[in-house]
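Subject: Structure for your review

Dear colleague,

Please find below the structure that I am handing over to you. I would be grateful if you could look through it together with the notes that come after it.

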Amino acid sequence: MSLPLSSAPLDVVVFGATGTIGRLTVARLLAEGHRVTAFARRPDRLEITHPALTRCAGDATDFDAVRAAVAGRDAVIVALGAGASRNSRIRSEGTLTVIRAMQAEGVSRLVCQSTLGAHESWSNLNFFWKRIMFGALLKPVFRDHELQESLVRASGLDWTIVRPSAFSDAPAPGDLREDVPPSARDLSLKIARDEVAAFLSRMVGDCTYLHRAVGISH
């Protein structure tokens, strides 16, 4: 049974708001009636105009900037990415800064986007993702996600980690599965970006997966 944190509109800050998932999440939150602070290095790149949207320019590793953005919010979504960089540690370092800021400001609800395959969900992946993508090409990115998750788990906050499979612009075949168990082997390992954004938005007011990492895929 879903246990909502609040049925009223929430005040949410999204870190990584101009990324492919972040911008869709901002749009989804606004459509659902929430007030949104979009935090990014260049929030002017967010092509959304809405009276409930506030843009906040800053670096996710700048504690003072992050603390100012977090202050007074009801919930925080971390959707940090590094673009084309494969060696950036922005996910873990930025998430740690967000955690510290939330602790300082007394903000407890944290929803963090990670990746399917992290930690115990490694067994959900196929050979291609285990050996070629996360095992070689994206190994630094994958390790940063695992560190990011460890920091969230140790934060003492009311956290939920969301683990989507590989992003797609088009709808993936089959039904969306959520709370994928580590034993699942029949996944397409594809998910539409819109579906990830919808799930992240839903989690800000939903305690179903409190203090849990939840995999989502088709």
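The notes below set out what was found, beginning with the salt bridges.

Please bear in mind that this is a predicted model. A search of the whole structure returns 14 salt bridges. In one of them, the side chains of R73 and D11 meet with an N to O distance of 3.5 Å. This pair links distant parts of the chain, 62 residues apart: R73 is in the loop between α2 and β4, and D11 is in strand β1. R73 is partly exposed, at 21% relative accessible area, whereas D11 is buried, at 14%.

A network of salt bridges links E120, E149, R153 and R163. Within this group, R153 pairs with E120, their closest N and O atoms being 3.9 Å apart. R153 counts as partly exposed because its relative accessibility is 37%, and E120 counts as partly exposed at 41%. The side chains of R163 and E149 form another salt bridge, at 2.7 Å from N to O. Since R163 is in strand β6 and E149 in helix α5, this pair ties together parts 14 residues apart in sequence. Both ends are buried: R163 has 2% relative accessibility and E149 has 1%.

Helix α5 also packs against α4. Their axes come within 4 Å and cross at roughly 80 degrees, so the two helices are roughly perpendicular to each other. The contact brings M133, F134, G135, A136 and L137 of α4 together with K139, P140 and F142 of α5.

L189, in the loop between β8 and β9, has a positive phi near 60 degrees although the residue is not glycine. H211, in the loop between α6 and β10, likewise has a positive phi near 60 degrees and is not glycine. Most residues other than glycine have a negative phi. L189 is buried, at 5% relative accessible area, while H211 is partly exposed, at 40%.

Finally, S201 is found in helix α6 and is buried, at 1% relative accessibility. Leaving aside residues up to four places away in sequence, S201 touches R28, L29, E32 and I77.

With kind regards

Terms used: Residues are numbered from 1 along each chain as its sequence is written. This is a predicted model: local features need pLDDT of at least 70, side-chain atom pairs count only at pLDDT 80 or more; totals for chains, interfaces and linings use all residues. Side-chain values use heavy atoms; hydrogens and water are left out. Axes are lines fitted to C-alpha atoms, for helices over the stretch in contact, and angles run from 0 to 180 degrees between N-to-C directions. Angles under 35 degrees count as roughly parallel, over 145 as roughly antiparallel, 65 to 115 as roughly perpendicular and the rest as oblique. Contact means heavy atoms within 4.5 Å. Buried means under 20% relative accessible area, exposed over 50%, partly exposed in between (1.4 Å probe, protein chains only). A salt bridge is a side-chain nitrogen of Lys or Arg within 4 Å of a carboxyl oxygen of Asp or Glu.
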